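Let us walk through this structure step by step.

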Amino acid sequence: MLEVNLAPLALTTGNFAAGDTVRVTVSFQYRVGVDTSLTLRAAPYYANLFGKHLVSACVGQTDLLLEPSSEAVEKTAAVDIVLTPGSLGGIENGTYGLVVWLRSGNSTADPWTLPSPLARAEQDNVLVVSGNSGGGITDTFSSMMPMLMLVMMLGMVGPLLSGGEE
Amino acid sequence: METKTLELNLGGVRPLQAPPQEYAPGWYVDPESGQPVYYDGETRTFYTLSGGIYIPLGYMNPAPNQVTLGPGERLKVSISYKYAGPAVSGATERFCVGVYGAFGFTEKIIGTNTRSLSQSTTPLTYTSEYTFTIPTGVGTDWDDLYCKVSGGSPSVNESIFGYENALLITGKDPTISEFKITDFVKV
């Protein structure tokens, strides 16, 4: 028996530098009875044991106006996201997913929060970000952590030892 | 603005003085569902009891096709039926769009025509139509409709016919499909 599975074409991975602006284009069909304003948002995301998380500093958004139509209308739209560098509280070097979603009203909820957005599309591991300098405050602090902990432990143990000698 | 059309055939309409019905009034078992149904000799219709209300069996039918509509658009419903019997004046043709569910039909938009039926010993075909304008506050579940002919003098036996899911209502909430990322590039 022949089995054919149809799936959307996967997006090709793209390489970007921290600070770049990425234009994300989406397409969809809609039907609506009255003039409707929606917000299209896009953002990089990462996943861990606790789920998917937006890089909140890099969320881009644009407003869309849907004109009434009882027949399905094809529409394309674009939204820009700025890959704010990690040193400014933005995105770190690494590989990220890309998610776009549509919500009505002013809801700023992320795309995985209920109530669900009107539409959402996402793909893991398509944004490869590099170009963050390695000398940021966070990086320096991270590399010094083991040494700091050792010093702190010695600081705690030292008085005990000296107290025992007296 | 475009007017969309839906056509229904109500079949035959009988005068109340029609020949005796095929079934004796009383309770029967529906062979398809196994549930008890009541046959009313006066209306010559089977009824089922749902939520304390007797609902005629079989007057709602799957729609052969769907008409897509939004607020402000117009829907023309055309009906045809046959009548043989004495002349009738003031019979009512009723057109309803609404919600059909377990407890019957909830009417949302209603239209009526009044007409006279000629005396005839052979069935004559009558056609009629009513045009609805879909209101702004239309609900997306207003997707059912029915039409019936009844009343008049002398009164005709009620003849009713409807379609479930005949309308695809485009309301104030958008319906989005085929949503996908087509591209992403550095600008």
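In β6(A), Thr76(A) is the bridge partner of Ser27(A). That bridge belongs to a pairing of β2(A) with β6(A), antiparallel, over eleven bridges. Two strands count as paired if DSSP finds at least two bridges between them. Strands are DSSP runs of E with at least two residues, helices are runs of H or I with at least four, and both are numbered from the N terminus.

The model is predicted: local features need pLDDT of at least 70, side-chain atom pairs count only at pLDDT 80 or more, and totals for chains, interfaces and linings use all residues. Residues are numbered from 1 along each chain as its sequence is written, while chains are lettered from A and ligands numbered from 1 in the order in which they are written.

Strand β2 of chain A covers residues 21–32 and also pairs with β15(B), antiparallel, over nine bridges. Here Thr25(A) has Asp183(B) as its bridge partner.

Now take the contact between the chains as a whole. It draws 32 residues from chain A and 24 residues from chain B. Residues are in contact if their C-beta atoms, placed from the backbone, lie within 7 Å. On the side of chain B that touches chain A, β7 and β15 (175–186) each supply at least two residues. β15(B) gives the most to that side, with twelve residues. By class, this side of chain B has ten nonpolar, eight polar and six charged residues. Ala, Val, Leu, Ile, Met, Phe, Trp, Tyr, Cys and Pro count as nonpolar; Asp, Glu, Lys and Arg count as charged; the others, Gly among them, count as polar.

Chain A itself has eight strands and one helix. Along the sequence they follow the pattern β-β-β-β-β-β-β-β-α. Of its 166 residues, 25% count as buried. Buried means 20 or more other C-beta atoms within 10 Å of the residue's own; exposed means 12 or fewer, and partly exposed lies in between, with C-beta atoms placed from the backbone.

In chain B, β12(B) and β13(B) pair in the antiparallel sense over six bridges. A hairpin of two residues joins β12(B) to β13(B). Val149(B) has Ser159(B) as its bridge partner in β13(B). Strand β6 (residues 60–62) of chain B runs parallel to β13(B), joined by three bridges. Pro62(B) stands opposite Glu164(B) there.

Finally, the cores. A nonpolar core is a set of buried Ala, Val, Leu, Ile, Met, Phe, Trp, Tyr and Cys residues joined through C-beta atoms within 7 Å. The largest has 32 residues, and Leu75(B), Val77(B), Leu145(B), Tyr146(B) and Leu167(B) have the most contacts inside it. β9(B) gives the most to this core, with six residues.

Key. Contact = placed C-beta atoms within 7 Å.
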